[in-house]
Amino acid sequence: MKLALAQLDVEAARPAANRERAVDAVEAAADRGADLVALPELWNVGYFAFDAYSRQAEPLGGPTLTELRDVAADNDVALLAGSVVEDLEASADAGEAVPADEGLANTAVLFDAAGDRRLVYRKHHLFGYDSAETELLTAGETLQTADVCGFTVGVTTCYDLRFPELYRRLADAGVTLTVVPSAWPYPRVEHFETLPRARAVENLGYVATVNGAGEQGDAELVGRSTVYDPWGTTLASAADDPTLVTADVDPGRVDDVRDDFPALRDRRDD
């Protein structure tokens, strides 16, 4: 499977411009033969544009995700539509299962190549350090997986990388590829390079981080979107400029590594 990570230049509170970049990136990735394309965290509004969250929030069936669903189907690619600010009340009114009847969530959605929604993930761990996320958002409660091109795919978001127990739960659910939409800022470059590699090594599965690029107010995103294989080897990566990162990934590689080095079988819970 060819995986493409769209490291977008994300402008704070400029959803129309950001959406145009996202659509262009998906189409470019499809032209390069991608089977699965992934977008960053809160790419449409900008993670640090906290004042714009409520203004730009929409339900799962809102215009942003509807457009990306259509782009996936039109280009015959599976698409992890990064994450958007979800209006939980509007989603609930539409009959969706939500963690709260009102409020906002940081919500990632995966569509298959036919444009069908296969997975919804709401960020579990909300960032409280120099961030308004904990004040503005409701944490997610469920972990879903989806089958894409022979992989069992799971999703986490940015700050979740610091909580290894979440990734072990995904491994227990059979996940072989975890995609991590992010809005990771300077100066914590080393953390963003170390944590996903560790999650890949611990769980003997692929981990792909797709980060944004550019400045958002006082913050600057580190880029560094990267694909790690089950041995923790870097298959493809970027610097901090907008770009498209692609890598060929093989579900059989996960089986081989787990058979050759069966650390997961040696785990004890006591």
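The side chains of Arg-21 and Glu-11 form a salt bridge, with N and O 2.3 Å apart. Arg-21 sits in helix 1 (residues 15-31), while Glu-11 sits in the loop between strand 1 (2-7) and helix 1, so the pair ties together parts that are 10 residues apart in sequence. This is a predicted model. In it, the count of salt bridges comes to 15.

**The Arg-21 and Glu-11 pair**

- Arg-21 has a relative accessibility of 26%, so it counts as partly exposed.
- Glu-11 is partly exposed too, with a relative accessible area of 21%.

**Two other salt bridges**

- Asp-229 pairs with Arg-253 in a salt bridge, and their closest N and O atoms are 3.2 Å apart.
- This pair links distant parts of the chain. Asp-229 is in the loop between strand 12 (226-228) and strand 13 (234-237), and Arg-253 is in helix 8 (residues 251-260), 24 residues apart.
- Is Asp-229 buried or exposed? Asp-229 counts as buried, because its relative accessibility is 5% and the cut-off for buried is under 20%.
- Arg-253 reaches 31% relative accessibility, so it counts as partly exposed.
- Asp-259 and Arg-265 also meet through their side chains in a salt bridge, at 3.9 Å from N to O.
- Both of these residues, Asp-259 and Arg-265, are exposed.
- Some salt bridges share partners: they join Glu-11, Arg-14 and Arg-21 into one network.

**Cysteines**

- How many disulfides does the structure hold? The number is 0.
- A disulfide is a covalent bond between the sulfur atoms of two cysteines.
- Cys-149 is partly exposed, at 46% relative accessible area.
- Cys-158 is buried, at 7%.

**Helix 3**

- Helix 3 covers residues 63-75, which makes 13 residues.
- At 1.5 Å a residue, helix 3 should span 18 Å. Its end C-alpha atoms are 18 Å apart, which agrees.
- Which residues of helix 3 are buried? They are Thr-64, Leu-65, Leu-68, Val-71 and Ala-72.
- Looking down the axis of helix 3, these buried residues fall within an arc of 115 degrees, so they line one face of the helix.
- Pro-63 and Asp-74 are exposed on the other side of helix 3.
- What covers the buried residues of helix 3? The cover includes helix 1, strand 3 (78-87) and strand 4 (104-111).
- Asp-76 follows helix 3, and its phi is positive, near 55 degrees.

Technical notes:
Residues are numbered from 1 along each chain as its sequence is written. This is a predicted model: local features need pLDDT of at least 70, side-chain atom pairs count only at pLDDT 80 or more; totals for chains, interfaces and linings use all residues. Side-chain values use heavy atoms; hydrogens and water are left out. A salt bridge is a side-chain nitrogen of Lys or Arg within 4 Å of a carboxyl oxygen of Asp or Glu. Helices (H or I, at least four residues) and strands (E, at least two) are DSSP runs, numbered from the N terminus. Buried means under 20% relative accessible area, exposed over 50%, partly exposed in between (1.4 Å probe, protein chains only). A disulfide is a pair of cysteine sulfur atoms within 2.5 Å. The expected span of a helix is 1.5 Å times one less than its number of residues. The arc is that of the directions from the helix axis to the C-beta atoms. Contact means heavy atoms within 4.5 Å.
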